[in-house]
Amino acid sequence: MGPTEQLHIERTVPDARVDRAEALRYIGYAGQQIDDVLSARFDRVIEHCEQVASPSYAYRIMPLERTDEGMHLVGSTLTLTGSDIARHLDGASACGVLVCTLGLSYERELQQLNRRNELDGLLFGTAGSSLVESVADICETAIVAKAAAAGLRTNTRFSPGYGDLPLTLQPLILDVLDAPRRLGVIANDSNLLIPTKSTTAFIGLFDSDHLVSSVKQSCAQCPCKSHCTLRKQGTPCYR
Amino acid sequence: MLPITDGTVHTRLRNDVRIKDDRLRAVLDGTSFLLFDGAMGTMLQQRGLDAGELPELLCITNPDEITAIHRAYVEAGSLVATTNTFGANELKLGNRAAVEDVFAHAVSCARASGAAYVAADIGPTGALLEPLGTLSFDRAYDLFAREVKAADAAGADLFIIETMTDLLEMKAAVLAAKENSDLPIFATMTFGEDGRTFLGTSPAVAVAALDALGVNALGVNCSLGPDALAPLVTEMLSVATCPVIVQANAGLPSIVDGRTVYSIDPQSYAQSIARIVDAGASIIGGCCGTDPTYIRLLADVLEKRETPAPRSIEQAPRLTSAQNLVELHGRDIAVIGERINPTGKKKLKQALRDKDYDYVINMALDQAEAGSDLLDVNAGLPEIDEGATLIELVKQIQSVCGLPLQIDSSDPAAVEGAVRHYAGKALINSVNGKADNLAAVLPIAAHYGCAVVGLTLDEGGIPSTAEKRFAIAERIVNEANRYGIPREDVYIDCLTMAASTNQSEVIEILRTLRMVKEHLGVRTVLGVSNISFGLPAREVVNSAFLAAAFAAGLDMPILNPMNERFAETVAAWKLLCGQDEGATAFVENFSSYKPMTKRIEETRAEAARTAAAQASAQAAADVAAAATNAAALIAQGIPVGGAPKSAPSAVSSSLGAAAARAFAPSAASAQATAPAAAAGAVFPVTNASRGDVGAVAENTDSASDVSTNGAAADSAASDIPASSTLDAASTELRELVISGRKGAAGEATKRVIAAHDPLYAINECLIPALDVVGDRFEAGTFFLPQLMASAEAAKAGFDVVKSQLASEGTTKADKGPVALATVKGDIHDIGKNIVKMLLENYGFKVYDLGRDVDPSAVLDCIRDHDVKLVGLSALMTTTVHNMKVTIGLIHKEFPDTKVFVGGAVLNEEYAKMVGADYYTKDAAASARVATELFGA
């Protein structure tokens, strides 16, 4: 099996929290006056979201090998194609691959709320988006710790769908992480993840003497940059 | 697919099974142990299988290696070799190998190990079923059926369907096995730390459903280590009537000295399993992380024990969804919500005709909130396809509502379709004593593991005496038993007759109930409300009859859970029969209960206080309305939480007035003295007769105030300004919509309609307010939730307008239709949902096709409903292409149909590029496009 790290699974992520400001930003909040009624309603929804969701994550760290087809994660079936991921993992010696989800309990509740009340559905949806980001942050922290223990440094998360990294990777990532069985995350025919509040990503691991590409995340490579409203507001989609 | 109705499959029960030998027969009887093998995946990974690779293909490419693993387990003592076919379905294999080839090779690898039995492994499809996912039940069934046939043809001895987390997917697999083979079926599910599967199924629910389906053994696998699994297994052991399997994992992997080890070592694993075996589990094996070392120790555990430990099984009537279990012990009762039945319900009929399933789902959720334990689902409407509709309702309801369902239809084919697609153990409503009916429905119930309601009627009609009804009930129970349906799965309905037409039979109904309970030992259901048909004050009669029926032994009343009288009687009986232990629920719900007289007094006092505080004639008139309304509401049994601070409504519906009359019988005599002028002035457009309103006003403490001030209101009313400047009520409604107060907006709309008319409310209040909101949203002073809150408030207003127009018989406010969809590949539907809400509020009929919508579905909708305007949404650059494809097809097939597009990644230019007719940058813009196009 070589040096491949085992699959790490966390079935509960008690520290995951909705970031209220971030959740509001997702639905276009830019300083508007919110009255108490709406504000209290959002607080209730956030609490409900954190209570209903069953967040979990899984990750694996694997050595990287550059092949003619792309970046190969040694010990798995994954080969990452495209110039953007190649740039992201340039110089990396290993790669972390992760999946995070809020679980089907959240998904059922979202479906129910969307049927019951669209505004509650919207608020619950945006709270969930923020919560799954929080789960991803916590998962990333675990990977950073593993990397540090091995004397390695990490860069940021990069997900299928960013730049030219294809969504067709989704089912393969899930299989590598045994996610359908372990976390109940699957990809549908269009390579979209279900539960919808799930995310996958790759993180580069670099030798500490290697200069981690210090290029800050920016909109430069984003295909949406010419008309993105978030960018216009000065609140881009990355943090 | 309706195999029983169509006669393509015979009802298959647990004992209709081909068993390889006597030892296996003893295992299935629960008198002998069986040792399975351990993990396959773990062994393969140890041998260098890459993560993400399909291990099943190794059966073809590396058969010797696979056989070696099987052999290692057999040598360790396993009697069973489980084929390496966990993911060998055509969805996962794709074009890499044929299902039949994989199973043929896998079975021969397993056979070559020398194992006594070859178990064909069937794992989940790897996709999620509709509606959360995209895989249809029928497609899942087909995937499993292909595996089943392949395994049977290859010579397997039994099926092990394992690691399931979705009870419905499990059911598809079990039915595929039942209907395409006669080999024994072992079925295991996998649970998390919370004791539930990913989709919320508990062990008890899994057992109730799978036991009823007639699997030969059931249990748990994977999930957790043996100690964590123990309580889940105990739960199963206490209810399962067949042998229970346990295949725990060996904990979580970690690397020690470069070697993968699992957190639970073989010795502790075996000790834990030994305890589970002593609790009654008789089939054991390993899952992830276990290897032959573990299995060898398990063999020792069984070696030391001669036969499975005896266990006591609680026989009780059980009904389930995929999440909830309704279990009746002793005198426990359960309420079946009756609302999802179109008979006599205009709105539901329309919703079913329009396929507006959200309406039905909300009915389901409302009843769940009101305390129902189960829901009756009926789609009997002559103009729709009952069978197809019933299936759709079952699918939709079970996806969001956790209550078990009672499938209500007299058409056996419709029943079969519905129970086939239902995840849990359903109750079929109903069979009756007619021979042909029993012969058609009982095989369905037996095959799908359902319980049945038996009506005490037969070819001779409904007998009038208890003895004759009892005889039919007995016949139904016996006949059900003959088909393999146990006594606890039969519920007798003694049939409520209207007291107004069959008064003498009421006592007979209660007598039948008692006889059925005492002499047949089965449970009973009863539709309660029929008793009062044709009578006034129906709920008074209903609740008395319900209490009497409970006393006679009724277990499951079918009633409207939203009716307060029913809810009170149910709560009180649960207390009296001991089900509400310690009266906890009762005390919680009724601690602030006030008798009706007290409530009326308080309402009057509050009305009087408000009247005194407000000097103006208009205010006094409102108070009269408030008092009238409150009295009417109380009389209808709706709790009034303190009198409204401002007048809730100037419109007293005819129902309310009638109820008010019922509440105040003296009103009739008061009518003559009611000041007609006052009533007329205060309630200019009310449907209530002047006499009703005046009568109630007269009946309140503040009556004299109201009548004098009411007269003054007449002159005040004539001062209401012309529509160019707004009156206070209209201004208030606008403000309420703008600030998104849906609760108050409905009431405010009633006041505006009372002062003006419904169209005035739309044109002068709701639409202008929405325009203001739209402008603010555009200007960025409002953001999305505020826009939606306003839309909600406006909707509350439009709903009032709609019901007012409907009651006046005016033409409907429906324009359009417009179809909306988020394009294929995209799941972002926030924008689309807002457009839908806004368009509906502007009076357009909207067909919402949802998200990730295939172009063909859009075309079908255009064709079916003659749609001239389609809105498409996409939020990802990757899916804009699908938008273009969809638009291309629409324009090709329906040149008259226009398309507008929206979404974050779009702009005017992109919209042109994808061929859209209009670009709408927000919901307001889409409303403008629609209004322009339809000339509304």
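Modeller: One thing on names before we start: helices (H or I, at least four residues) and strands (E, at least two) are DSSP runs, numbered from the N terminus. With that naming, B:Pro131 sits in the loop between strand E3 (117-122) and helix H8 (137-154) of chain B. And keep in mind that this is a predicted model.

Colleague: Okay, what is the peptide bond from B:Glu130 to B:Pro131, cis or trans?

Modeller: That bond is cis, with omega near 0 degrees. Chain A has a cis bond to a proline too, from A:Ile194 to A:Pro195, again with omega near 0 degrees. A:Pro195 is in the loop between strand E8 (193-194) and strand E9 (198-207) of chain A.

Colleague: And what about the phi of B:Thr163, positive or negative?

Modeller: Positive, about 60 degrees, even though B:Thr163 is not a glycine. That residue belongs to strand E4 (residues 158-164) of chain B. For background, most residues other than glycine have a negative phi, and most peptide bonds are trans.

Colleague: Switching to the interface. How many residues does each chain put into the contact?

Modeller: Chain A gives 51 residues and chain B gives 68 residues. The area buried between the two chains is about 5,200 Å², with carbon and sulfur atoms giving 57% of that. In chain A, the residues that lose the most area to chain B are A:Arg108, A:Arg115 and A:Arg116, together 16% of what that side buries.

Colleague: How many salt bridges are there across the interface of chain A and chain B?

Modeller: The rule finds 6 salt bridges there. One of those arginines turns up again: A:Arg115 forms a salt bridge with B:Asp358, and the closest N and O atoms are 2.6 Å apart.

Colleague: Which element gives the largest share of chain A's side?

Modeller: H4(A), with 8 residues. By class, the side of chain A that touches chain B has 20 nonpolar, 17 polar and 14 charged residues.

Colleague: So how does H4(A) sit against H16 of chain B?

Modeller: The axes of H4(A) and helix H16 (residues 386-400) of chain B come within 8 Å and cross at roughly 115 degrees. That makes H4(A) roughly perpendicular to H16(B), because angles of 65 to 115 degrees count as roughly perpendicular.

Colleague: Which residues meet there?

Modeller: From H4(A) you have A:Arg108, A:Gln111, A:Gln112 and A:Arg115, and from H16(B) there are B:Gln396, B:Gln398, B:Ser399 and B:Val400. Sorted by class, that contact has 1 nonpolar, 5 polar and 2 charged residues.

Methods: Residues are numbered from 1 along each chain as its sequence is written. Chains are lettered from A and ligands numbered from 1 in the order in which they are written. This is a predicted model: local features need pLDDT of at least 70, side-chain atom pairs count only at pLDDT 80 or more; totals for chains, interfaces and linings use all residues. Side-chain values use heavy atoms; hydrogens and water are left out. Contact means heavy atoms within 4.5 Å. Buried area is the accessible area (1.4 Å probe) that two parts lose on being put together, summed over both. A salt bridge is a side-chain nitrogen of Lys or Arg within 4 Å of a carboxyl oxygen of Asp or Glu. Ala, Val, Leu, Ile, Met, Phe, Trp, Tyr, Cys and Pro count as nonpolar, Asp, Glu, Lys and Arg as charged, and the others, Gly among them, as polar. Axes are lines fitted to C-alpha atoms, for helices over the stretch in contact, and angles run from 0 to 180 degrees between N-to-C directions. Angles under 35 degrees count as roughly parallel, over 145 as roughly antiparallel, 65 to 115 as roughly perpendicular and the rest as oblique.
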